[in-house]
Amino acid sequence: MLVAVLLPFIIAIFIPFLSKWKDKLHPGFFVTIVPAVIFIYFARFLGTGFEPVVQEYSWIPSLDMNMVFHLDGLSLLFVLLISGIGALVAFYSIFYLHKSEQLGHFYVYFLIFMGSMLGVVLSDNIFALYSFWEFTSLSSFLLIGFWNYKKESRYGALKSMLITVFGGLSLLGALIFMSVLTNTTSIQGMIDQQQLILNSEYFPLILGLLLLGAFTKSAQFPFHIWLPDAMEAPTPVSAYLHSATMVKAGLYLVARYSPMLSANEWFFIIVSSAGIVTLCWGSYMAVRQTDLKGILAFSTISQLGMIMAMLGFGTEAALFGAVFHILNHATFKGSLFMIAGIVDHEAGTRDIRKLGGLMTYMPMTATLAVLASFSMAGVPLPFLNGFYSKEMFFEASLHLESAGTDISGFLQSAIPYLAVFGSIFTFVYSMYFFFGTFRGKPQLDELPKKPHEAPWGMLVSPIILVAGVIIIGIFPNLVNGSFIAHAADAVNGASLKPKDIYFWHGFIPPFIMSLAVVVFGTILALSRKIWQPVYRVVPGVLSMNKVYDGAVDRIESYSATITKGYMNGSLGRYMRLILAAIIIITFAFMAVTGGFTIDTSNVAQITAPEILVAVTMVIAAIGTVLTNNRIAAILILGVVGYGLSMLFVLYRAPDLALTQLIVETVTVALFLLVFYHLPKLKKKDEPMSTKALNLIISIGFGAMMTMVAISSHSSKFFDPISQYFIDNSYKLGGGDNIVNVILVDFRGLDTLFEIVVLGLAAMAIFALIRLRKSKGEE
């Protein structure tokens, strides 16, 4: 599994080299192989006898942090969607993206995102999960903003990253709280200690932070606003991110922690409420859109809300329906995004007001669209998979388990009606998408180019997905026992009762609700132009986008005002602020931790020679500040360094004295060489207040360094490590000189990087010497 997760990242390294030959062979062919191989590898786990698989790899053992991959039914479902849909999207992109595009960039971002999603759903270590989680936000930002020359793309990319990264930080807080409480970084280990977290006084905070991270990622109301703007991405990105991967990461998070959190009533209240409101609002707003991808964006929001609501219900029927609809949604929504891309590619626009009658010109695309859109609408036909999970949703809404409180009781009564309301508008926007695009009178004069059927390469991927819609619809139990049931078991935390999926259950309430959706949905779809003005009232001028834009604008304005208060271009001011902050923070920390202790025991005696050297160093330091000649200042400063070497000699540390002598000699020589070419040193005429402030900061910083040096000897927060070096230098390092063994063996990496830094500094100085202006050059 480690290879499967890392494979996309590894291949991404070679994509820039392959893209150089894109005129001869599209790099998408190479990329398609990666998710296809991953899909084939994990498909071997399908079957009724599946058992969870755990693989552990050493990461940071000293912190008890290892890369642990846990493959159960839930993660298997998501891995197959990520890799399977990924392969289809990569193949589709070969014919969608022209070779003149920056294909190297696109496929690098695509593979990074794919690997990150695989890491999210397979990681059992919370810090690995969080790392991959933020990688999905970063890579999706790059994918959404791929057409960065468009203002809308940059805006959508920034909005998605700000909202999802904000949620990611909330998630990190929840994970840290749970890790501290349970003393483990394993998700399964946390779930095993369910009662410890549920009974903790921090549980409300944990629940709020974790759900905030999930809601922002899965575009739940009111954090849904980033998803429609993300439609500015290329259609392959939309098909991938918003059908099977990124938006479902939030669902995965809630499903993964459901066995632990669902026992609390507030989990049901918050998750169910957020889901059902998102369903209703997303489906209602989808009918308002005029862009095909805009319709699909809000339809995705509504579908995610439905799945989130079922996860909140927490009943066996609801959990089974949730994981089943995750699969069904990926099939019909992925194909619909690709169909929207085909229409845009072949007709030159996605504006549904200019479209219509395309069935005549694009019969194959229209056939795919009618099957996918009717499945999304939940039309009760036995060959459409969307109807099965929609009916499960209705059934689950009628059999909620209330805890008996007023809020739970109200939700138990209201949710079935809201479920029907949201589903009615789901039916409306599904019909709006198909009939508004493919039926009616063609408007060829409104189209940028004459429409025609897409090339076979663009049709292969949606054909496979629509075939999945039909196959699952006709043979639903084909996927039930092989992995849907295992996924539901993982979400439930225990094995569920075997559940057969079949079309006809009789005239039971869920089927009657489905018929009501079709009847009222048809009426609203036919009369859409009559009631369309209702959007002027609700939402009217109100918009969560305005809240977001206002918040971002104010943050930028306030930040600019604060920054201008201290960023005035004065290097002196910057240095004063930095040093003052260091002084305040250091002294405050020392005060809190008792760092002002002065212990004079076990120190060497101070004699006249040491005092003489110290006084000389002080005089030289003061002289460095007072001199007006830059060369003289460097030479006088050298006296301080050589005086320190003398102190090392007096205190019997010849190796340190030699090191200090070499460093000081090289430093003085380099300073002289560099400063010789700089302008002459000039004294600045500064106000007395500035000089006084400089004096205070200088004295304060010197006092701070003095106290830090004294405190490092006087404060004993832990046993010194020096005895360890004395005992083990010869035994482990094989050297008689303890200092040498420490530098070369015990701190070998430290010394290596110090040498690297010195080498880089030497190269920079050499470059400065060589960088001389030629005669006559200004």
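Predicted model: local features only at pLDDT ≥ 70, side-chain atom pairs only at ≥ 80, totals over all residues.
## Helices H4 and H5

Helix H4 spans residues 103-122 and helix H5 spans residues 126-144; their axes lie 8 Å apart, and the two pack at an angle of about 155°. Because angles over 145 degrees count as roughly antiparallel, H4 is roughly antiparallel to H5. The crossing of the two helices is left-handed.

On the H4 side, the contact is formed by Phe 106, Tyr 109, Phe 110, Ile 112, Phe 113, Gly 115, Ser 116, Met 117, Gly 119 and Val 120. These residues meet Leu 129, Phe 132, Trp 133, Phe 135, Thr 136, Ser 139, Ser 140, Leu 142 and Leu 143 of H5. By residue class, the contact of H4 with H5 comprises 13 nonpolar and six polar residues, with no charged residue.

Strand E2, residues 65-71, is mostly covered, with seven of its seven residues buried. In a regular strand, side chains alternate between the two faces of the sheet. In E2, Met 65, Met 67, Phe 69 and Leu 71 point one way, while Asn 66, Val 68 and His 70 point the other way. The residues of both sets are buried.

Strand E1, residues 53-60, runs antiparallel to E2 and is joined to E2 by seven bridges. Glu 56 has Val 68 of E2 as its bridge partner.

## Met 705 in helix H28

Met 705 is located in helix H28, which covers residues 688-714. Its relative accessibility is 43%, so Met 705 counts as partly exposed; the exposed class requires over 50%, and the buried class under 20%.

Ile 583 is 122 residues from Met 705 along the chain, and the C-alpha atoms of the two residues are separated by 9.1 Å.

## Helices H29 and H30

Helix H29 (residues 722-733) packs against helix H30 (residues 738-746) at an angle of about 70°, with the axes 10 Å apart. Since angles of 65 to 115 degrees count as roughly perpendicular, H29 is roughly perpendicular to H30. H29 passes H30 in a left-handed crossing.

H29 contributes Tyr 724, Phe 725, Ile 726, Asn 728, Ser 729, Leu 732 and Gly 733 to the contact, and H30 contributes Ile 738, Val 741, Ile 742, Asp 745 and Phe 746. The residues of the contact of H29 with H30 comprise eight nonpolar, three polar and one charged.

Methods
Residues numbered from 1 in each chain as written. Heavy atoms only, no water. Axes fitted to C-alpha atoms, helices over the stretch in contact; angles between N-to-C directions. Helix = DSSP H or I, 4+ residues; strand = E, 2+ residues; numbered from the N terminus. Parallel < 35°, antiparallel > 145°, perpendicular 65-115°, else oblique. Left-handed = near helix turned anticlockwise from the far one by under 90°. Contact = heavy atoms within 4.5 Å. Nonpolar A, V, L, I, M, F, W, Y, C, P; charged D, E, K, R; others polar. Buried < 20%, exposed > 50% of the residue type's maximum accessible area, 1.4 Å probe, protein only. Pairing = 2+ DSSP bridges.
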